[in-house]
Amino acid sequence: MEKEHIVLPEHIAIIMDGNGRWAKKRGLERTEGHKVGAEVFRKICQYGSDIGIKYMTFYAFSTENWKRSAFEVGTIMNLFRKYLEEMEEREGENEEAGYNIHFIGSREGMPEDIAQLMNVVEARSSDKDKIHINIAVNYGGRDEIVHAAKRLAKRIEKGELSPEDITEEAISDNLYTAGQPDPDLVIRPSGENRLSNFLIWQSAYAEFYSSDVLWPDFTPEDLDKAIEEYSKRNRRFGGI
């Protein structure tokens, strides 16, 4: 990507959508789309790091996705398990790449071995800072806000806070993304034009970019197009 006149977002969030439709168009099982989509995720992570993006958040599995067939959910969990195991096996490569991996969402209801692997991967990458990669698993934007509200309510109950202390900053500090900048750009492949309960608090002033490309077909060139479009936007944050 030619960097002249290009403004790089600090934080890009991506809704990885269209795996099932990609597979259906090819007469394949939906699960085949998830497998290809997982490879695209790896490529886009690497490309984002290469061009200097500091934060990327990927919507991998929502709280609503549990409603899908047991076979599809099981396949997605197995792919996730395999990814985490590979992260352990490639610890040296990942250290060189500078990936700081953070999983956002509830660990409740996740298979125990996967939850443990998530903890290990986070701990081993916690001192890296080339790029911060958030992977949203068992995640819902409304659920995240409820989780933050409960944490604040417990502190009020203990006498550590008063209701007057509840500010936007206080809520942000209790979200899964605490300490990170809000996304500048939210990208949704597959032609859909909605957030689908993704980072709904953090995306209040994000620029939204929709593409007809299904996620398994998404390339670094498609990411470039989104960034180029973002560069043309005039972000006023409610001002004139």
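Trainee: Which residues of helix 8 are buried?
Mentor: First, the ground rules: this is a predicted model, where local features need pLDDT of at least 70, side-chain atom pairs count only at pLDDT 80 or more, and totals for chains, interfaces and linings use all residues. Residues are numbered from 1 along each chain as its sequence is written, and side-chain values use heavy atoms, with hydrogens and water left out. Helices (H or I, at least four residues) and strands (E, at least two) are DSSP runs numbered from the N terminus, and buried means under 20% relative accessible area, exposed over 50%, partly exposed in between (1.4 Å probe, protein chains only). On that basis, the buried set in helix 8 is Asp 222, Leu 223, Asp 224, Ala 226, Ile 227, Tyr 230 and Ser 231.

Trainee: What do the buried residues of helix 8 pack against?
Mentor: Helix 8 covers residues 220-232. Contact here means heavy atoms within 4.5 Å. By that test, its buried residues pack against strand 1 (11-15), helix 2 (30-51), strand 2 (55-62), strand 5 (185-188) and strand 6 (207-210).

Trainee: Which residues touch the most other members of the largest nonpolar core?
Mentor: A nonpolar core is a set of buried Ala, Val, Leu, Ile, Met, Phe, Trp, Tyr and Cys residues joined through side-chain atoms within 4.5 Å. The largest one has 42 residues. Helix 3 (residues 70-89) gives the most to this core, 7 residues. The members touching the most others are Ile 14, Phe 58 and Leu 223.

Trainee: How are the rings of Phe 41 and Phe 58 arranged, stacked or edge-to-face?
Mentor: Rings of Phe, Tyr and Trp (its six-membered ring) pair if their centres lie within 6.5 Å; planes under 30 degrees apart count as stacked, over 60 as edge-to-face and the rest as tilted. Phe 41 and Phe 58 sit 4.9 Å apart centre to centre, with 90 degrees between the planes. Phe 41 lies in helix 2 and Phe 58 in strand 2, so the pair ties together parts 17 residues apart in sequence. Their arrangement is edge-to-face.

Trainee: And Trp 215 with Phe 218, stacked or edge-to-face?
Mentor: Trp 215 counts as buried at 0% relative accessibility, and Phe 218 does at 4%. Their ring centres are 5.2 Å apart, with 25 degrees between the planes, and this pair is stacked.

Trainee: Which residues form one aromatic cluster?
Mentor: The whole structure holds 9 aromatic pairs. The residues that make up one cluster are Tyr 59, Tyr 139, Tyr 176 and Phe 198.

Notes. Expected span 1.5 Å × (residues − 1).
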